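Subject: The structure we talked about

Hello,

Here is the structure I promised to pass on. Have a look at it first, and then read on for what I found in it.

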Amino acid sequence: MVRIASTLMLLVALSSAAQAKNKLSFQVLVNGEEVPYSLFSFFVMPGEVLDVSANTDFELQGNDLSVINISVMAYKVEAPAKPGAYSVAISKGEERMVLNILVLTPMSNKKGEYLNGYRIGNYPARMLNNDPIYERPKGLFEVTEATANLQLTPHFNISQFLCKQAGGYPKYLIVRERLLLKLEYLLAIAQAEGLAIETFGFISGYRTPFYNKSIGNVPYSRHVWGGAADIFIDQNGDGQMDDLNNDGVVNDKDVRYFYNLVEAEYNKQEYKKFIGGLGFYKKNSRHSGFIHVDVRGKKARW
């Protein structure tokens, strides 16, 4: 028992150290969203302006972007007109943050259901219950072989969110920044439990409306707006949910363990901005057991 406890304490200490390494010592706000990580990404339309500020003086530098220094604690960054992946560096002394600015291809470029040969399908004509989170995306990010493994945050990359539909590059997607922040938060919670993972296993991230319809899902699935992820914990790399409760078998109890781990955060003040859907899914012939998380802004459980 002493050895097990010591090992767990070591794992927790190591994960805490790793998390601290990826976090900033000062507060950065991008368009009002607090970003505590040394690497993060925002999806923006061509020409869109990002407001970047901090609670201390800092420097911001970037190539191929228009940067306006408002004060020692604030900048405006204008995204280029050409879609693609860009970045700026934010620095304070020896500390450095990379902010990816992923410029979207406008949906106005679609021809029928296709965007540059990739089938998107059609978003619903009306917002569900007039909720603006269901507004049709103005653009999607073009993913090429060169950008497929681009890190979006310290622990999550583009490939994890790609739609599972068949076809080569280019592919397209959108991921909500609040979802990225929630996944990093939940990963830290899992690591603090002594779970030896550097990221989550993904069943599903973004889905095009076409693919979402083809698998029989509801048209207003949060996946279609890049606001949801179906995830599991895979410490041994076998592509399946692990034996999280250490009872010697992998079954629904392990999915419930992960589900309860997330649910336990619900009433914490720091979790309020991440409130959304939480779903429980059993293993079947097609996929591992997993949980669904999203950032719809209201509580939903199933």
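Let me start with Val-295, which is buried, with a relative accessible area of 11%. Val-295 sits in the loop between strand 18 and strand 19. Beyond its neighbours within four places in sequence, Val-295 has contacts with Arg-178, Leu-179, Lys-182, Gly-227, Phe-274 and Ile-275. Lys-273 is 22 residues from Val-295 in sequence, and their C-alpha atoms are 8.3 Å apart.

Please keep in mind that this is a predicted model. The average pLDDT of the protein is 93, and 93% of the residues score at least 70. The stretch to be careful with is residues 1–15, where pLDDT stays under 50 and the model has 8 contacts beyond four places in sequence. Where pLDDT is low, the predicted coordinates should not be read in detail.

Now to helix 3, which covers residues 177–192. Its end C-alpha atoms are 23 Å apart, in agreement with the 22 Å that its 16 residues should span at 1.5 Å a residue. How many of those 16 residues are buried? The count is 12, so helix 3 is largely enclosed by the rest of the structure. After helix 3 comes Gly-194, with a positive phi near 90°.

In soluble globular proteins, nonpolar side chains tend to be buried together.

Tyr-206 lies in the loop between strand 15 (201–204) and helix 4 (209–214), and at 1% relative accessibility it counts as buried. Which side chain makes a polar contact with the side chain of Tyr-206? The partner is Tyr-123, at 3.0 Å. Tyr-206 also touches residues from elsewhere in the sequence, including Leu-140, Cys-163, Tyr-172, His-223 and Gly-226. Ile-174 is 32 residues away from Tyr-206 along the chain, yet their C-alpha atoms are separated by 6.8 Å.

Another loop residue to look at is Thr-153, between strand 13 (139–143) and helix 2 (158–161). Thr-153 is buried, with a relative accessible area of 0%. A polar atom of the Thr-153 side chain lies 3.2 Å from the backbone nitrogen of Phe-156.

Next, helix 5. This helix runs over residues 252–263 and reaches 16 Å from its first C-alpha to its last, close to the 16 Å expected for it. Its buried residues are Asp-254, Val-255, Phe-258, Tyr-259, Leu-261 and Val-262. They cover an arc of only 155° around the axis, which puts them on the same side of helix 5. The elements that cover them include helix 3, strand 16 (228–232), strand 17 (277–281), strand 18 (290–294) and strand 19 (300–301). At the start of helix 5, a side-chain oxygen of Asn-251 comes to within 2.9 Å of the backbone nitrogen of Lys-253.

Finally, a few backbone details to check on screen:

- The peptide bond from Tyr-169 to Pro-170 is cis, with omega near 5°; Pro-170 is in the loop between helix 2 and strand 14 (171–173).
- Asn-31 is not a glycine but has a positive phi of about 50°. It lies in the loop between strand 1 (28–30) and strand 2 (33–34) and is partly exposed, at 38% relative accessibility.
- Asp-64, also not a glycine, has a positive phi of about 65°. Its loop joins strand 5 (59–62) and strand 6 (66–71), and at 63% relative accessibility Asp-64 counts as exposed.

How values were computed: Residues are numbered from 1 along each chain as its sequence is written. This is a predicted model: local features need pLDDT of at least 70, side-chain atom pairs count only at pLDDT 80 or more; totals for chains, interfaces and linings use all residues. Side-chain values use heavy atoms; hydrogens and water are left out. Helices (H or I, at least four residues) and strands (E, at least two) are DSSP runs, numbered from the N terminus. The expected span of a helix is 1.5 Å times one less than its number of residues. Buried means under 20% relative accessible area, exposed over 50%, partly exposed in between (1.4 Å probe, protein chains only). The arc is that of the directions from the helix axis to the C-beta atoms. Contact means heavy atoms within 4.5 Å. A polar contact is a pair of N or O atoms within 3.5 Å; within protein, one must be able to donate a hydrogen and the other to accept it, and residues adjacent in sequence count only if both atoms are side-chain atoms. pLDDT is the predictor's confidence in each residue, from 0 to 100.
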